[in-house]
Amino acid sequence: MTMDDGMADAGESSEGVLPRFQSVRLDRRSFLFGSAAGLGALGLAGCATTDGMGRAEAAKLYGPVPDEKFPIPAVDVSKLDPKYYRRVVRYDSKEAPGTIIVDPGNHYVYRVEGDGAATRYGANVSRAGFLWSGEAYVGRKAEWPVWTPPKEMIQRQPEARKYAGGMPPGLDNPLGARTLYLYQNGAYTLYTIYSTSDPETIGNGVTSGCTGLLSQDMIDLYSRTPVKTKVIVLPA
């Protein structure tokens with residue numbers, strides 16, 4: 001979520017302060033509009049992909065994950081631009097391996113691997129009015145978190161009131177299977193990296209200050225990202 005001017009809304013839950021999302025329809029997607037979250041898939045190791053990946057390979061990478069707490073269906077890769085497939089790319093950086101770099105201008109998230117390489121994930125990013133850039137760190141992680149709409153969202157979207165006490169984890173939950181919460185100086189920034197099941201959002205600016213990865217990608221990134229990991233959000 002955004003910080004400082006134009007701060008986006010956040011809610012409280014058993015998982016702490018959570019982000020909120022713009023609406024399109026009265027079910028799960030009414031709280032997502034491009035920030036759709038909810039389906040995840042087991043990520044293969046980041047180094048398992050290359051620039052030449054075809055759709056058949058991508059279908060395996062983004063296949064179903066039946067062993068999750070909430071079994072996760074496959075992503076329809078026909079709706080995903082191939083340039084957003086997870087892959088290892090050349091990426092010169094002075095940052096330490098493990099550092100996460102969010103590039104909203106190009107709709108990518110990078111995990112620095114070292115030796116001039118990074119794992120690159122396609123992402124959705126903040127829409128106009130909710131952009132932020134700066135340096136933070138992962139202050140908290142959550143698997144299948146509860147989502148609670150903040151009061152400001154409920155005022156704008158009365159249909160969200162039924163979740164004022166928190167939306168339970170699951171495939172319909174806007175935060176999806178995994179979430180990384182970004183902090184500065186011990187305080188939650190309202191910016192998160194979360195998991196989305198909607199491939200059509202990838203490559204677009206659609207959220208209220210958060211960055212979404214396909215759940216397969218998010219599970220991969222989450223598994224390799226400890227608390228205190230440095231995160232850099234570049235200017236759009």
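# Close-up views of a predicted model

View 1. At 7% relative accessibility, Arg-178 counts as buried, in a model that is predicted. Glu-143 is partly exposed, with a relative accessible area of 46%.

View 2. Strand E8 (residues 178-184) is mostly covered, six of its seven residues being buried. Six bridges pair strand E7 (residues 134-143) with E8 in the antiparallel sense. In this pairing, Ala-142 has Thr-179 of E8 as its bridge partner. E8 also pairs in the antiparallel sense with strand E9 (residues 187-196), over five bridges. Tyr-181 has its bridge partner in E9, namely Thr-192. Two residues lie between the strands in the hairpin of E8 and E9, where Asn-185 takes a positive phi near 50°.

View 3. Of the seven residues of strand E5 (residues 108-114), six are buried, so that the strand is mostly covered. Strand E4 (residues 100-103) runs antiparallel to E5, and four bridges join the two. Asp-103 has Tyr-108 in E5 as its bridge partner. The hairpin of E4 and E5 has four residues between the strands, and His-107 in the turn has a positive phi of about 60°. E5 is joined by six bridges to strand E6 (residues 117-126), again in an antiparallel arrangement. Within E6, Ala-118 stands opposite Val-112. The hairpin formed by E5 and E6 has two residues between the strands.

**View 4. Two residues other than glycine with positive phi.** Asp-115 is placed in the loop between E5 and E6. Its phi is near 55°, a positive value in a residue other than glycine. Asp-115 is exposed, with a relative accessible area of 85%. Trp-144 lies in the loop between E7 and helix H2 (151-156). The phi of Trp-144 is near 45°, which is also positive in a residue other than glycine. Trp-144 is buried, its relative accessible area being 4%.

View 5. The largest nonpolar core contains 19 residues; Ala-58, Tyr-62, Leu-80, Tyr-85, Ile-101, Tyr-110 and Leu-214 have the most contacts inside it. At least two residues of this core come from each of helix H1 (55-61) and E5. E5 gives the most to this core, with three residues. A second, separate core has 18 residues, among them Trp-132, Tyr-191, Ile-193 and Met-218.

**View 6. The surroundings of Ile-101.** Not counting residues up to four places away in sequence, Ile-101 touches Tyr-91, Ser-93, Glu-95, Tyr-108, Val-109, Tyr-110, Val-112, Ile-232 and Leu-234. Ile-101 is one of the residues with the most contacts inside the largest nonpolar core, as is Tyr-110.

**View 7. Helix H3.** Helix H3 (residues 215-223) is largely enclosed by the rest of the structure, because eight of its nine residues are buried. The buried residues are Ser-215, Gln-216, Asp-217, Met-218, Ile-219, Asp-220, Leu-221 and Tyr-222. Of these, Met-218 is included in the second core.

**View 8. The salt-bridge network and the pair Arg-224 and Glu-113.** The whole structure contains 10 salt bridges. A network of salt bridges links Arg-86, Arg-111, Glu-113, Asp-217, Asp-220 and Arg-224. Arg-224 forms a salt bridge with Glu-113, the closest N and O atoms lying 3.0 Å apart. Arg-224 lies in the loop between H3 and strand E12 (230-233) and Glu-113 in strand E5, so this pair ties together parts that are 111 residues apart in sequence. Arg-224 is partly exposed, with a relative accessible area of 23%. Glu-113 also counts as partly exposed, at 22% relative accessibility.

Key
Residues are numbered from 1 along each chain as its sequence is written. This is a predicted model: local features need pLDDT of at least 70, side-chain atom pairs count only at pLDDT 80 or more; totals for chains, interfaces and linings use all residues. Side-chain values use heavy atoms; hydrogens and water are left out. Buried means under 20% relative accessible area, exposed over 50%, partly exposed in between (1.4 Å probe, protein chains only). Two strands pair if DSSP finds at least two bridges between them. A nonpolar core is a set of buried Ala, Val, Leu, Ile, Met, Phe, Trp, Tyr and Cys residues joined through side-chain atoms within 4.5 Å. Contact means heavy atoms within 4.5 Å. A salt bridge is a side-chain nitrogen of Lys or Arg within 4 Å of a carboxyl oxygen of Asp or Glu.
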